[in-house]
Amino acid sequence: MIRNCLSLRPACQGARSVLPRSKISLLGAHQATTRLAASLYTSTSSPGPSRFYSVASTPASPLTPRQRLSAIRSVRPRRNQTPVRYCSYRHKMCRTHAQADVASGVNIQGRELLPTNVIPKHYHITLEPDFQKLTFDGTVIIDLDVEEDSKSISLHTLEIDIHNAKITSGGQTVSSSPKISYNETTQVSTFDFDNAVSKGAKAQLEIQFTGQLNDKMAGFYRSTYTNPDGTQGLLAVSQMEPTDARRAFPCFDEPSLKAEFTVTLVADKKLTCLSNMDVASESEVKGGKKAVTFNKSPLMSTYLVAFVVGELNYIETNDFRVPVRVYAPPGQNIEHGRFSLNLAAKTLAFYEKVFGIEFPLPKMDQIAIPDFAQGAMENWGLVTYRVVDLLLDEKVSGAATKERVAEVVQHELAHQWFGNLVTMDWWDGLWLNEGFATWASWYSCNIFYPEWKVWETYVTDNLQRALALDSLRSSHPIEVPVKRADEINQIFDAISYSKGSCVLRMISTYLGEDVFLEGVRRYLKKHAYGNTQTGDLWAALGDASGKSVEEVMDVWTKHVGYPVVTVTEKDEKTIQVKQNRFLRTGDVKPEEDKVIFPVFLGLRSKDGIDESLTLDKREDSFEIPSTEFFKLNANHTGLYRTSYTPERLEKLGEAARQGLLSVEDRAGMIADAGALASSGYQKTSGVLTLLKRFDSEKEFIVWSEIISRVAAVQAAWIFEDKAVRDGLEAFQRELVSPRAHKMSWKFSESDGHIEQQFKAMLFGNAGLCGDEKIIAAAKEMFKKFMAGDKSAIHPNIRGSVFSIALKYGGKEEYDAVLNFYRTSTNSDERNTALRCLGRARSPELIKRTLDLLFSGEIKDQDVYMPTAGLRSHPEGIEALFNWMTENWDELVKRFPPQLSMLGTLVTIFTSSFTKREQLAKVEKFFEGKNTNGFEMSLAQSLDAIRSKAAWVERDGEDVAKWVKDNKYSAFLGEWNTISDEECA
């Protein structure tokens with residue numbers, strides 16, 4: 001699943017990618033600061049044709065689902081045992097399950113799991129949505145294997161009204177009216193009956209129910225759109241991951257409880273019905289409706305089940321082995337799905353070749369959903385997307401948007417193998433899905449579009465996102481223990497996605513790409529249609545390589561954090577290397593620094609790159625060809641920071657100017673230096689001086705990181721003395737403006753993909769830092785554009801022009817941008833306008849921006865967008881927090897804590913603070929409040945504030961002195977007569 005991102009690299013600054021290239025809804029406070037402004041009934045249906053099932057339709061893993069469940073039976077409550085009881089929602093469980101799963105070695109203490117007395121084998125789900133009542137009627141018939149004598153069956157339901165139920169076995173009715181009880185805390189319905197079903201028998205549980213077509217973007221829900229004639233249309237769509245299938249139909253809603261699914265949808269004849277599989281039959285039913293039954297699916301987890309009902313248009317290609325389609329509701333130009341359609345066909349063929357397994361379903365549909373909390377969702381055979389992440393109008397969208405769409409599509413299609421065919425057995429293994437899909441999307445994007453140089457971008461994007469979050473004390477291991485449903489949503493973050501993919505990239509470098517991919521193929525083939533744990537992946541990679549992969553990699557997935565590697569030089573051919581836990585707050589305690597990571601040093605010297613050196617102890621010495629020139633972590637494939645002496649850092653800066661370092665090395669070195677300064681390992685003045693020496697740098701990715709690191713200082717100093725803030729702005733203007741003018745902001749068809757983004761980034765940053773010429777140019781473009789000349793602003797800089805006009809304008813410009821949002825029919829254009837509105841900083845306009853959030857004019861999925869610009873100035877940051885405190889009850893009502901959006905919003909409203917007194921204010925507000933469902937987001941925001949406060953306390957005088965000594969106050973008149981508080 002692609003989590004929808006917080007645009008902390010706002011599109012209005014021409015960023016290379018709109019965050020994230022991975023899927024993060026909850027990006028955490030780390031990104032909020034370090035990258036804030038860097039760059040903006042019965043089973044009678046026949047299955048589908050057997051030719052589509054390219055691997056065995058039963059799990060080929062050593063442990064079948066029954067065996068795996070049997071192995072953990074000791075840790076789940078049996079129905080004939082004293083049931084586990086739980087306290088209220090606000091408290092921890094009174095009792096827990098057994099301490100560990102001996103068979104797997106995974107600590108599953110406290111997991112809320114269903115009993116294992118029965119195992120689901122097949123579901124027949126029938127649903128009939130009612131668009132007038134905003135409800136749906138349903139029937140589910142579940143075929144069960146009985147694992148032990150049973151007088152009860154428990155499964156998950158949420159916000160579902162059960163009308164009646166029946167249990168049958170061996171053709172006989174066991175109970176036509178079982179007693180039904182419900183545990184609201186665990187979301188479990190239990191059906192008790194008098195006559196036991198014997199162990200080894202087959203049984204069926206039939207349930208008739210009604211559910212709500214809710215507006216929470218979870219389960220089976222409603223989505224609205226505007227028809228070409230201005231009327232409102234309605235879709236019934238689904239989003240099940242992680243634990244919302246239980247909102248759509250009663251089910252065993254755990255990833256390891258895979259089953260086959262037959263779906264029937266009942267709807268008006270004019271409506272399109274979609275599900276995971278192709279259509280098996282269609283018949284007329286009472287009321288003039290139709291019943292569409294789909295072919296039986298392969299074994300899959302409940303969170304991958306999907307259905308859509310509504311008016312839809314589509315385009316199709318037969319360039320792949322099975323039909324590939326893109327669907328969209330009326331009002332959207334379906335031809336804008338052509339790029340994603342063609343890319344999907346090519347990507348599926350590519351993944352079949354690389355992974356050695358055919359895509360096993362008879363079709364692949366992709367659909368744009370107008371209301372969608374995530375960025376996209378990998379439902380098997382029916383991938384759902386936000387409109388902006390699937391439909392691309394290249395006439396009105398820039399290069400960064402095209403790259404984002406490509407990455408999202410390739411990420412979701414990678415999931416068809418990683419996650420769908422082979423699935424983690426519990427949510428603590430989420431990274432096996434998301435880390436893999438993230439890595440695969442970058443890998444495939446690099447093959448398809450080598451001119452985009454995405455592995456260079458990886459260092460400043462995915463790697464930095466992982467290192468940023470994992471530098472907080474409130475981070476978590478890749479394999480993170482999760483117990484309750486409301487905890488699961490919180491781990492869809494930069495650790496599961498970005499750090500997970502970085503670990504895979506690291507092991508790929510260590511083993512070699514060919515060996516790594518051979519291990520991946522063995523992993524997929526061995527566990528097809530089954531469930532896995534991390535050890536299964538290590539075993540496959542070890543088998544392919546002959547190396548002890550698990551011994552090396554377990555440390556990286558089971559422990560939080562990563563090291564900073566300190567390098568000193570003993571003599572001309574020897575270096576001393578030491579590792580310690582890295583925390584952004586710079587206050588690591590001894591008990592937090594006990595883990596020794598196996599660090600792949602990746603030594604770059606004049607002889608090339610030596611990947612054989614590994615630091616597997618606290619400290620060690622290594623012989624190298626020469627200390628005249630060397631650098632660790634070549635191309636930054638390792639997951640750590642490197643701390644050099646000031647002298648060595650200066651030499652590396654010179655080596656960069658001489659062309660001895662790769663783009664990845666230069667960008668990564670700058671990123672490390674900035675992070676080390678923020679945590680107290682180096683002085684911030686030293687980093688600013690280092691950045692100043694890169695003024696002759698020619699590569700976009702390096703410049704992107706330079707701007708990010710200056711912006712990180714500005715974000716930490718945003719509430720400090722105005723003179724210092726103005727000086728930092730002048731420094732960035734001095735860095736960026738000359739190159740912005742040299743490259744210009746005119747675009748031609750001959751401009752490459754990267755060059756377009758480079759121009760856009762420089763133009764946006766220079767203008768927002770007060771470059772008079774660019775401000776004037778932006779104002780002129782804005783005036784012509786709003787007068788009707790849509791060619792006046794190139795799509796690459798539309799957001800930058802809007803932001804500059806708003807920052808240096810007033811009510812007239814604000815009204816123009818807001819009207820553009822209201823009248824545009826293109827999602828990308830509308831999103832750009834929303835993201836930029838917060839740049840206007842007058843009290844009246846700040847209030848208008850905040851009033852939009854609950855006005856009904858903005859979809860709930862987009863409620864965070866107008867806040868992006870507000871985070872770029874002190875007035876906006878304060879206003880955001882005040883608005884949150886005044887509207888907290890409504891926020892919780894609209895965005896229930898068990899879903900992901902509330903955590904995202906808490907991050908937005910709190911994490912931009914920088915002072916101890918502001919930290920105390922946030923802590924006081926949440927004191928005594930139930931934070932279940934967003935406690936990770938809150939903790940990470942608080943850690944981010946602490947880290948910024950500590951940074952300013954350490955280096956406040958150092959930065960003020962550097963600004964004064966370098967005479968940046970003098971530049972306030974040279975580059976710009978407009979004095980401003982900050983540049984973001």
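Me: What covers the buried residues of helix 26?
Reply: In this predicted model, the cover includes helix 24 (843-852), helix 25 (867-870), helix 27 (888-894), helix 28 (901-910) and helix 29 (916-926).

Me: Which residues of helix 26 are called buried, and why?
Reply: Buried means under 20% relative accessible area. Pro874, Gly876, Ile877, Ala879, Leu880, Phe881, Trp883 and Met884 are buried in helix 26, so each of them falls under that cut-off.

Me: How does the span of helix 26 compare with the span expected?
Reply: Helix 26 covers residues 874-886, 13 residues in all. From first C-alpha to last it reaches 19 Å.

Me: Why are strand 11 and strand 12 said to pair?
Reply: Pairing needs at least two bridges. Eight bridges join strand 11 (residues 219-226) to strand 12 (residues 232-239), so the two strands pair. They run antiparallel. Thr224 stands opposite Leu234 in strand 12.

Me: What do strand 11 and strand 12 form, and which turn residue has a positive phi?
Reply: They form a hairpin, with five residues between the strands. Gly230 in the turn has a positive phi of about 95°.

Me: What makes strand 29 and strand 32 edge strands?
Reply: The open sheet has the order 29-28-32, with antiparallel pairing. Strand 29 (608-610) and strand 32 (630-631) each pair on one side only.

Notes:
Residues are numbered from 1 along each chain as its sequence is written. This is a predicted model: local features need pLDDT of at least 70, side-chain atom pairs count only at pLDDT 80 or more; totals for chains, interfaces and linings use all residues. Side-chain values use heavy atoms; hydrogens and water are left out. Helices (H or I, at least four residues) and strands (E, at least two) are DSSP runs, numbered from the N terminus. The expected span of a helix is 1.5 Å times one less than its number of residues. Buried means under 20% relative accessible area, exposed over 50%, partly exposed in between (1.4 Å probe, protein chains only). Contact means heavy atoms within 4.5 Å.
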